[in-house]
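Welcome! Please take a moment to look over the sequence and the 3D view before reading on.

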Amino acid sequence: MFALERRDRVFVLTITGDGEHRLNADAIASLRSSLAEIRSQVAAAPGGYALVTAAEGRFFSNGFDLAWANAAGTPSASRQRLSSLVALFRPVVADLLSLPMPTVAAVTGHAAAAGFMLAISHDYAVMRGDRGVLYMSELDIGLPFPDYFMSLMRAKIADIRTLRDVTLRAKKFSAAEAEARGIVDSVHGSAAETVEAALRMAKELAARNWDGGVYATIRMGAFPEACAAVGLEEEGDEEKGKTFVSKL
Amino acid sequence: MCTLEKRGRVYLLTLTGTDEHRLNPMLLDAVRSALARVRSEAAASSDGGAALVTAAEGKFFSNGFDLAWARASPSLRPGLMTAALHRTLADLLSLPMPTIAAVTGHVSAAGCFLALSHDYVVMRADRGFFYMSEVDIGLPIVDSLMSVMRAKIPDPRTRRDVLLRGKKVTAAEAEARGIVDRAVVGAREAVEAAIAMGEELAARNWDGEVYASIRKGLFKEVCKGLGLEEASGEEAAAAAAAALTKQPSSKL
């Protein structure tokens, strides 16, 4: 479900197929192994890189596989299945928040619930303007947010009224509105144009040749609560001191 | 390395010389001495409210840590520099009067922390960038200093562009995005605007200790990281009681 390719210094992760790209255990495992592959390639050849995450079809991702959770048979078994997905996805957010390179989400379709979280776990988000909404559906379905979802939203959506509309109003944001309210960075015509824009941005960012480890450390220092919520511990001052000295 | 003068109710601290005003313990100690003088003169004065403006001569407000100085003794000097900056920022955050940075030239890296540790920032509009160069140089930022960024740049996109994109932000953009309060054309004009702002704030005749206490409460996380203790609940209550007895009943 997650296909990884590399175009020079840009890694492109594509959520393949025409469906809703629901996140179940297999999909999440596939995503994690792609991110691990990226990490090992850059460890072998340090330099400036960037990641673009995009999707085929009408959906970026519509969130967790609730149909699979509901098929468990009993309400408590269903709850357990959903909890397992919540627990499995948490390290994905951690992987992205600690990835040693800039990350760009090309939101090429609807992004809801965990799909919305996947998008905002990236440093930059560009979105197609011709269709698709960003939507936290949980309130409409009657599901509470996992703590780390809330921490991530608080980190990336600072405006309190926007945050309220996202979480307490279950508002469906068009790309234009998402841009106006600071949820995405820019809006582009079609899915193809959105991916092009993301690739251009990623190429530029990769060309800055940043030290990936330092980039990740600065990112974690910029968003410490979100990082703590997904179990990431920031490097201590002693470690940072050593890096500082090595760069002098 | 720096001069201190008084213009009306405003203390004007100027980083002298046309160099980059790199922050090493020598310059930072000079700044701290000046701040100590401001504190003691203000305490002795019966003039009422005061304010501090920090400005700089030349093309640079400050271009950050003195890496060349640190390189000469890499096992000791980086720690000394960071500690000296911590103490300077702690002095600014506990200063018993409003503080305004007049960013009259380029400000980058650790210089940005110095500027943002003031209550207000006026930046020269016609030249100079606000630039967190750390990502470009590959230098990590210790959490105590990063907390200044987090406190003063709450918008996630701006924070990202400044810290993770190494954006060279012009004064106009810095003003639009809430990094600085005002962009003013001309170095002299920027300083004058900062002093005028200082006069206005000083004229409010605020109790300096109460001002400092409120500031420390507002920036609790930063102060904690810099080792500044907040006033305890008891101390705050005692201060409030003392203030109440001083107020004419019509004001309450």
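## Starting from one residue

Leaving aside its neighbours within four places in sequence, which residues is B:Ala115 in contact with? They are B:Phe61, B:Ala101, B:Val103, B:Val107 and B:Val121, where contact means heavy atoms within 4.5 Å.

You will find B:Ala115 in helix H4 (residues 110–116) of chain B. Helices (H or I, at least four residues) and strands (E, at least two) are DSSP runs, numbered from the N terminus. B:Ala115 counts as buried because its relative accessibility is 1%; buried means under 20% relative accessible area, exposed over 50%, and partly exposed in between (1.4 Å probe, protein chains only).

## How to read the model

This is a predicted model, in which local features need pLDDT of at least 70 and side-chain atom pairs count only at pLDDT 80 or more, while totals for chains, interfaces and linings use all residues. Residues are numbered from 1 along each chain as its sequence is written, chains are lettered from A and ligands numbered from 1 in the order in which they are written, and side-chain values use heavy atoms, with hydrogens and water left out.

Now turn to B:Ala30, in helix H1 (residues 25–44) of chain B. B:Ala30 counts as partly exposed because its relative accessibility is 21%. Leaving aside neighbours within four places in sequence, B:Ala30 is in contact with B:Met1 and B:Cys2. B:Ala30 and B:Cys2 are 28 residues apart in sequence, yet 6.5 Å separates them in space, C-alpha to C-alpha.

## Chain B as a whole

Chain B has 12 helices and 10 strands. Its C-alpha atoms fill a box of roughly 60 × 40 × 35 Å, taken along the principal axes. Of the 252 residues of chain B, 53% count as buried. Among contacts in this chain between residues at least 6 apart in sequence, 72% join residues at least 24 apart.

## The nonpolar cores

A nonpolar core is a set of buried Ala, Val, Leu, Ile, Met, Phe, Trp, Tyr and Cys residues joined through side-chain atoms within 4.5 Å. The largest one has 147 residues, and A:Phe64, A:Phe89, A:Leu134, B:Phe130 and B:Met149 touch the most other members. Helix H3 (residues 75–97) of chain A gives the most to this core, with 8 residues. A second, separate core of 15 residues includes B:Val53, B:Ala102, B:Val122 and B:Ala190.

Leaving aside neighbours within four places in sequence, the contacts of A:Phe64 include A:Leu82, A:Leu85, A:Val86 and A:Phe89.
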